[in-house]
Amino acid sequence: MTSNPDVPPFTGYVETTVNALRLIHAARQGVIPRITRRLNDSERRTMIKSGAVFVFSVEESGIKRWTDGLLWSPSRIVGNFLVYREINERTSSRGASKKPYPGDESPTRALVRRSSPDQMTVGFKGHGGSDTGTFKAGGLIKKTITVTIEGSDLHLISYYTSDDIRSGKLKRPSTRADIMSLYMPPHIFRLTNFRVPPKVEIGPDGKPRLV
């Protein structure tokens, strides 16, 4: 399932684009594991929870569409991320019929709607249109990003709850020395692909860094 089950996965909160890039870079270097195949039903039930972070490439894993079996609101754009909120069910405005909203994350899915930066932490402030389901009380929030490195697309999928963010329960990548000690050269990323490109600064050692 993972590229190296002996290395510890990162469990926590992916707050910023640079956080995500650090985790993707760490996964490419083998410091944290990559997902190498689709999760089975048992693994979904045990692994998909607040703080879980998954990194995979289509080429290595064969996963063209991330599936987690949960029901999600339409996506919102938050910076360079797509963010979804877990719902109970999807209700169509054309009648009383109710149907599930697929718990699938397509890396190439169209960016549906915009969102303000403060929604990154606490989720969504409203239910949006009439074609969304009811937000699940205490439900998960899913945050995703796709990054191109050397012609290969890598995908990061993270899960968290608003309560865990407010309480400070989930740690940031900066708490992992093995992740932070890796030099991450900015040129490996296609920064022009980002809606909000990270800035590049020269560090004390004279090397360029993303900030």
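The following legends describe close-up views of a predicted model of a protein chain.

**Figure 1. Overview of the protein chain.** The secondary structure of the chain comprises six helices and 11 strands. Of its 211 residues, 49% are buried. Among contacts with a separation of 6 or more, 70% are made by residues 24 or more positions apart. The chain exposes about 10500 Å², and carbon and sulfur atoms account for 51% of that area.

**Figure 2. The open sheet of five strands.** The strands follow the order β1-β9-β8-β4-β3, and their pairing is antiparallel. The edges are formed by β1 (residues 53-57) and β3; each has a single partner strand, so one side of each is left without a neighbour in the sheet. On average, neighbouring strands are turned by 25 degrees against each other, direction ignored. In general, the strands of a sheet pair through backbone hydrogen bonds.

**Figure 3. The pairing of β8 with β9, and the helix packed on the sheet.** Strand β9 (residues 152-160) pairs with β8 in the antiparallel sense over nine bridges. Within this region, Thr 148 stands opposite Asp 153 of β9. Helix α1 packs on the sheet and touches β1, β4, β8 and β9. The direction of α1 makes about 65 degrees with that of β8.

**Figure 4. The surroundings of Asp 68.** Asp 68 is placed in the loop between β2 (residues 66-67) and β3 (residues 76-78). With a relative accessible area of 5%, Asp 68 is buried, because the limit for a buried residue is under 20%. Its side chain takes part in a polar contact of 3.3 Å with the side chain of Lys 142. A polar contact of 2.7 Å joins the side chain of Asp 68 to that of Tyr 159.

**Figure 5. The salt bridge between Glu 15 and Arg 172.** The structure holds 10 salt bridges, one of which joins Glu 15 to Arg 172, with the closest N and O atoms 3.2 Å apart. Glu 15 belongs to the segment before α1 (residues 17-28), and Arg 172 to the loop between α5 (residues 162-167) and α6 (residues 177-180); the pair therefore ties together parts that are 157 residues apart in sequence. Glu 15 is partly exposed, at 29% relative accessibility. Arg 172 is also partly exposed, with a relative accessible area of 23%.

**Figure 6. The salt bridge between Glu 86 and Lys 136.** In this pair, the closest N and O atoms are 3.4 Å apart. Glu 86 counts as buried, at 7% relative accessibility, whereas Lys 136 is partly exposed, with a relative accessible area of 36%.

Figure 7. The side chains of Asp 163 and Arg 166 meet in a salt bridge of 3.4 Å, N to O. Both residues lie in α5, three residues apart, which is about one turn of the helix. Asp 163 counts as exposed, at 52% relative accessibility. Arg 166 is likewise exposed, with a relative accessible area of 57%.

Conventions: Residues numbered from 1 in each chain as written. Predicted model: local features only at pLDDT ≥ 70, side-chain atom pairs only at ≥ 80, totals over all residues. Heavy atoms only, no water. Helix = DSSP H or I, 4+ residues; strand = E, 2+ residues; numbered from the N terminus. Buried < 20%, exposed > 50% of the residue type's maximum accessible area, 1.4 Å probe, protein only. Polar contact = N/O pair within 3.5 Å; in protein donor to acceptor, adjacent residues only side chain to side chain. Contact = heavy atoms within 4.5 Å. Areas by Shrake-Rupley, 256 points an atom, 1.4 Å probe, with all protein chains shown as cover. Salt bridge = Lys/Arg side-chain N within 4 Å of Asp/Glu carboxyl O. Pairing = 2+ DSSP bridges. Axes fitted to C-alpha atoms, helices over the stretch in contact; angles between N-to-C directions.
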